[in-house]
Amino acid sequence: MEVSAVEGLMQDYELSLQHVLWRIERLHQKKEVVTKWDDGVHRTTYGEMVPRINRLAGALKRIGVKPGDRVATLAWNNDRHLELYYAVPCMGAVLHTLNLRLFPQHLEFIINDAEDKVLFVDQSILPLLKPLLGKIPSIKTMVLMAEGPAPALDGFPEMEDYETLLAAESDDYPWPKISERMAAAMCYTSGTTGNPKGVVYSHRSQFIHTMGVLQGDNLGVTENDAILPVVPMFHANSWGLPYAIGMAGAKVVFAGRFSADPKSIVELSEQEDVTFLAGVPTVWIGLANYLKESGKRLPKVSTVVCGGSAVPQALMETMDSLGLRILHAWGMTETSPLGSVARVYGGHTPEEALRLRLTQGRVAPGVEIRITDPATGEELPWDGVAFGEIQVRGPWIARGYHNGYDPDKLTEDGWFRTGDVARIDADGYIQIVDRTKDVIKSGGEWISSVELENAVMAHPKIMEAAVIGLPHPKWDERPVVYAVVRPEFKGQVTEEEVREFLKGKVAKWWLPDEVRFIDEVPKTSVGKFDKKVLRAGATPIKEGVTQEARK
Ligand code: ADP
């Protein structure tokens, strides 16, 4: 059948972050932006921020920032970082948020790879910059975001002062016309499985992603919320929250450099009537422990978004018992990052509802998903049994990396290969089994390191567990558990006890060859279990421990 070629008669409105800025200015003047700094809590409003965003854009122009130039930030979650989130893309440049937990050599690689031109740095992060001096030639200007009067900077080249720059500009910046395809922001993958690669978001992708975040069946951010993003502003755009809060007009609360401290999160949440928290599982493990010890509760918090790694069942149940409802989400830097959300509605038994909440949920409206056989590339059925690599496509999914790395990430028919392995059931609930690089290949079969970890973490005396596959002469690889015992049970858990506990909960041939007790699971710069480090330091599996490794 011929398709009619008649065009629609709607406007070609460019989807850009300038629209979000417009909403902040026109509709959300009174909404608060609260930040915990070293000297206490600072309180401002979107209304007070808008002239500063205009001034910042003027300052960027004056120091020579041109459309498309990368402007890097090394900053905590705070009000100034939010100003940069708006001023940089809206004046036509590209906001590049640097991960302040990276080693200097990684930062050096990333800054040089992105060819950042300007670098904004929080005062407390300055020591991190020292080893980089002289090694990042693309940076023409450094701007210090000082706390209090600008300090003397021994050993640093000339730095501009943030407040002095802003003071010299006008409240009214003539924002340029932005085309929606222009780059708005850039973020490097955290490199859990390889070298970091630059993901470049467009104004259009950010705009549509923001609308997605607001959607009720998605994260459902509303004007009525007070949002505390524990997830750093350098981790996949803080999951899109900095623009979602502007679009919706939600109050925002930043914990500054205290984000890793559960006590600060709880105190801020209490004081600021926070309704919505977002962070990786390790953050909530710490928070749950603190709530249990202190006896405090956060009854006003209605949503705790948890993503970045799978949510262990024990964590979800503990949080439920503390009155905090986890909303499990999946995504990656390359998916802006929101890919799927585990919302569960009526008609399920409590057990079934819990099981579904523990899946990675259903793909976000706007994104398409499929699973494919890694060997043949064929699409697999959504039957809850077959598992293969997740591939996605949609308006906020990357089609390539900065500088053209890894061109094979996109399939010939335009889908993005995520490197995650999952099953999808008939209702569309996604269950991530593993990452292709972490899945354990034992005797030609796959063992999911994630499922095994969750089974171990369900042990009441174990706080954290990471599972890796180690080489085995007969079976190729066998699973080894690295477990952290809860402080009150230290020295009281045996390897045999853990294995006994797992019997009947996982297949016999999944039982780990060894359980090694450690004080802490090494974490990546964004708080995920760092299996690369575990693998690098692992001693070989002891001879003769493998019991049964066949199905
Ligand atoms: P990196 O890939 O370097 O870790 P990202 O922060 O982009 O950086 O991580 C994305 C990856 O994190 C996903 O591909 C997936 O493997 C994992 N991930 C994210 N959310 C979840 C989740 N809810 N469950 C399981 N894995 C997740």
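Reader: How many aromatic pairs are there?
Author: The count comes to seven aromatic pairs. Keep in mind that this is a predicted model.

Reader: Take Y85 and Y243. What kind of pair do they form?
Author: A tilted one. The ring centres of Y85 and Y243 are 5.5 Å apart, with 55 degrees between the planes.

Reader: Which helices are they in?
Author: Y85 belongs to helix α3, residues 79-90, and Y243 to helix α8, residues 241-248. The two residues are 158 apart in sequence, so their pairing ties together separate parts.

Reader: Are Y85 and Y243 buried or exposed?
Author: Both Y85 and Y243 are buried.

Reader: Which residues make up the cluster with those two?
Author: Y85, Y86 and Y243 are linked into a cluster by ring pairs.

Reader: What about Y401 and F416? Why is that pair called edge-to-face?
Author: Planes over 60 degrees apart count as edge-to-face. The planes of Y401 and F416 stand at 70 degrees, so the pair gets that label. Their ring centres are 6.5 Å apart.

Reader: Where do the two sit in the chain?
Author: Y401 is in the loop between β18 (387-393) and β19 (416-424), while F416 is in strand β19. They are 15 residues apart, and the pair links distant parts of the chain.

Reader: And Y401, buried or exposed?
Author: Y401 is buried, and F416 is too.

Reader: Which charged end sits over the ring of Y401?
Author: That of K197, 5.0 Å from the ring centre. Another case is K36, whose charged end sits over the ring of F258 at 4.7 Å from its centre.

Reader: What lines the largest cavity?
Author: There are 14 lining residues, and N99, Y188, T189, S190 and F234 lie nearest the centre of the cavity. By class, the lining has eight nonpolar residues, six polar and no charged.

Reader: Which residues line the second largest cavity?
Author: The lining consists of K36, W37, D38, W76, S124, E147, G256 and R257. K36 has come up already, as the lysine over the ring of F258.

Reader: How many of that lining are charged?
Author: Four are charged, with two nonpolar and two polar residues alongside in the second largest cavity's lining. The lining of the largest cavity, by contrast, has no charged residues.

How values were computed
Residues numbered from 1 in each chain as written. Predicted model: local features only at pLDDT ≥ 70, side-chain atom pairs only at ≥ 80, totals over all residues. Heavy atoms only, no water. Phe/Tyr/Trp six-rings, centres within 6.5 Å; stacked < 30°, edge-to-face > 60°. Helix = DSSP H or I, 4+ residues; strand = E, 2+ residues; numbered from the N terminus. Buried < 20%, exposed > 50% of the residue type's maximum accessible area, 1.4 Å probe, protein only. Lys NZ or Arg CZ within 6 Å of the ring centre and 35° of its normal. 1 Å grid on protein atoms, 1.4 Å probe; cavity = no way out; pocket = protein on both sides within 12 Å on 5 of 7 lines; lining within 4 Å. Nonpolar A, V, L, I, M, F, W, Y, C, P; charged D, E, K, R; others polar.
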